[in-house]
2 protein chains.
Amino acid sequence: MTSPVKQPVTAADKTFYQLRLDIVEGEITAGSKLSETELSTKYGVSRAVIREAINRLESCHIVERKANVGARVVALTADGLLALYQVRESLEGMAARLAAKNMTDGEINELEALLNSHFKDVKQGESYYQEAGDVDFHYRIILGSKNKHLIAMLFDGIYHLVRMYRVQLGMAGPRVTTAFDEHKHIVQAIANRDEELAEMLMRRHIMYSKNNIHSKLS
Amino acid sequence: MTSPVKQPVTAADKTFYQLRLDIVEGEITAGSKLSETELSTKYGVSRAVIREAINRLESCHIVERKANVGARVVALTADGLLALYQVRESLEGMAARLAAKNMTDGEINELEALLNSHFKDVKQGESYYQEAGDVDFHYRIILGSKNKHLIAMLFDGIYHLVRMYRVQLGMAGPRVTTAFDEHKHIVQAIANRDEELAEMLMRRHIMYSKNNIHSKLS
DNA sequence: ATTAACATTTTTGTCGACAATATAGCCGTT
DNA sequence: AACGGCTATATTGTCGACAAAAATGTTAAT
């Protein structure tokens with residue numbers, strides 16, 4: 001299988017990834033203006049590649065641009081986070097449904113193995129599960145949907161924005177113990193090829209996550 | 001209310017809209033290669049603006065680009081259409097749910113009025129309902145969700161692709177008579193603020209549409 | 001005849017400069 | 001002092017040219 005994370009080949013690619021990283025990780029602060037000339041000197045490339053990178057960031061809804069004025073990093077608001085999670089609930093719910101339909105038995109076995117390894121970590125009190133494990137879990141289910149559009153929307157769009165909120169509003173990772181059980185039930189539904197249940201459980205899982213985060217904001 | 005269809009201001013904007021139109025309407029045939037120099041002479045603009053237009057088309061998944069090779073218009077396949085409708089079912093279902101929650105009473109009244117005017121047209125055997133009416137109906141519900149991401153994904157992404165399939169695979173418009181009843185029930189659910197039902201009916205409505213189209217393909 | 005390597009040509013990627021537009025500051029008027 | 005218009009300045013939009021990479025065509029060797 002070809003890795004879904006394609007590595008940059010052109011300068012505009014590299015600049016795009018770097019710029020996105022710097023924004024998501026908060027080095028370039030939310031709401032700030034993106035000056036093309038300034039960035040071109042900072043990243044050591046021409047204005048043309050900066051423009052292309054900014055255009056792509058605009059398509060991801062990470063920056064907003066006004067014609068003849070310039071681009072700004074999006075502002076982070078509670079409403080924005082809510083809207084994001086509404087979309088995520090919808091798309092990942094569908095992803096779980098399609099995964100129950102389209103994942104191979106081998107892929108499901110791998111998913112179960114992944115979950116077992118997480119279980120051991122959680123039991124030992126390790127924090128590994130906190131970030132990468134959760135992402136990996138959702139990652140595989142989304143890929144398991146085998147739906148190109150779904151995969152692109154979530155990986156290229158939603159996930160970076162969600163991470164941006166997580167990092168910059170200083171939220172902790174996913175709720176470790178309870179989330180693990182939810183993951184377990186989702187995998188069970190997928191293994192049983194129960195599309196309806198898989199979607200429903202995934203949606204509830206994300207709703208819980210949303211409520212958890214929303215409570216920390218207000 | 002400010003119109004959600006923003007008009008082009010810069011040359012790159014205009015070229016992007018024109019190019020998208022030419023592709024969706026089939027003047028530039030699906031699967032064909034997009035030569036930057038060729039297009040720049042054809043549209044009478046510099047290669048830079050063509051490049052920007054192509055980049056934006058790539059973000060919409062209307063063209064695919066390989067680094068150092070070029071861009072091609074996407075190929076239309078039955079699987080691709082299926083994937084599209086899966087996403088559409090998910091997103092528009094959520095849009096209906098959110099519309100039931102967030103639309104104002106005034107907006108709902110307008111929606112009902114729109115449906116009534118369609119009803120008269122359908123009764124008189126007019127074909128107005130065929131295309132624009134259906135689009136307008138879905139349009140308003142999506143806007144009624146008040147969710148920025150949802151609106152952008154559907155309007156900028158999915159809808160143009162769906163139309164591209166419709167036009168180029170020579171499908172007729174929506175199923176007039178039965179679809180009308182489905183629309184009516186969806187509006188009823190929204191007027192009753194029944195989020196659950198609104199989502200479910202919208203999903204079924206799109207599923208029927210998918211099945212209708214899929215049967216014509218095979 | 002097929003293949004491999006090389007040279008040629010075409011196409012994309014990148015750059016710096018110019019043109020057009022918006023922003024900011026200044027001046028004069030009321 | 002406040003407001004309106006004007007000028008200056010800075011930033012974005014567009015262009016043509018150069019560099020780099022891939023595709024094509026040609027030649028030579030097996």
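**View 1. A salt bridge between Arg203(A) and Glu199(B).** The side chains of Arg203(A) and Glu199(B) form a salt bridge, 2.7 Å from N to O. The term covers a side-chain nitrogen of Lys or Arg within 4 Å of a carboxyl oxygen of Asp or Glu. By this rule, six salt bridges cross the interface of chain B and chain A. This is a predicted model, in which local features need pLDDT of at least 70 and side-chain atom pairs count only at pLDDT 80 or more, while totals for chains, interfaces and linings use all residues; side-chain values use heavy atoms, with hydrogens and water left out. Residues are numbered from 1 along each chain as its sequence is written, and chains are lettered from A and ligands numbered from 1 in the order in which they are written.

**View 2. The interface of chain B and chain A.** Contact (heavy atoms within 4.5 Å) joins 30 residues of chain B to 30 residues of chain A. The two chains bury about 2400 Å² between them, 59% of it on carbon and sulfur atoms. In chain B, Gln86(B), His149(B) and Met153(B) lose the most area to chain A, together 22% of what that side buries. Buried area is the accessible area (1.4 Å probe) that two parts lose on being put together, summed over both.

**View 3. Helices on the chain B side.** Eight residue pairs, both at pLDDT 80 or more, are in polar contact between chain B and chain A. A polar contact is a pair of N or O atoms within 3.5 Å; within protein, one must be able to donate a hydrogen and the other to accept it, and residues adjacent in sequence count only if both atoms are side-chain atoms. Helices H3 (47-59), H4 (78-102), H7 (148-168) and H9 (195-217) of chain B each supply at least two residues of the side that touches chain A. H4(B) gives the most, with eleven residues. Helices (H or I, at least four residues) and strands (E, at least two) are DSSP runs, numbered from the N terminus.

**View 4. Protein around DNA strand D.** Of the 20 residues around DNA strand D, Arg47(A), Arg51(A), Thr10(B), Ala11(B) and Ser46(B) come nearest. Near means one heavy atom within 4 Å. Sugar and phosphate make up 69% of the atoms of DNA strand D within 4 Å of the protein. H3(B) gives the most to the surface near DNA strand D, with three residues.

**View 5. Base and phosphate at DNA strand D.** A polar side-chain atom of Arg47(A) lies 2.8 Å from a base nitrogen of DNA strand D. Thr10(B) places a polar side-chain atom 2.5 Å from a phosphate oxygen of DNA strand D. For Ala11(B), a backbone N or O atom lies 2.4 Å from a phosphate oxygen of DNA strand D.
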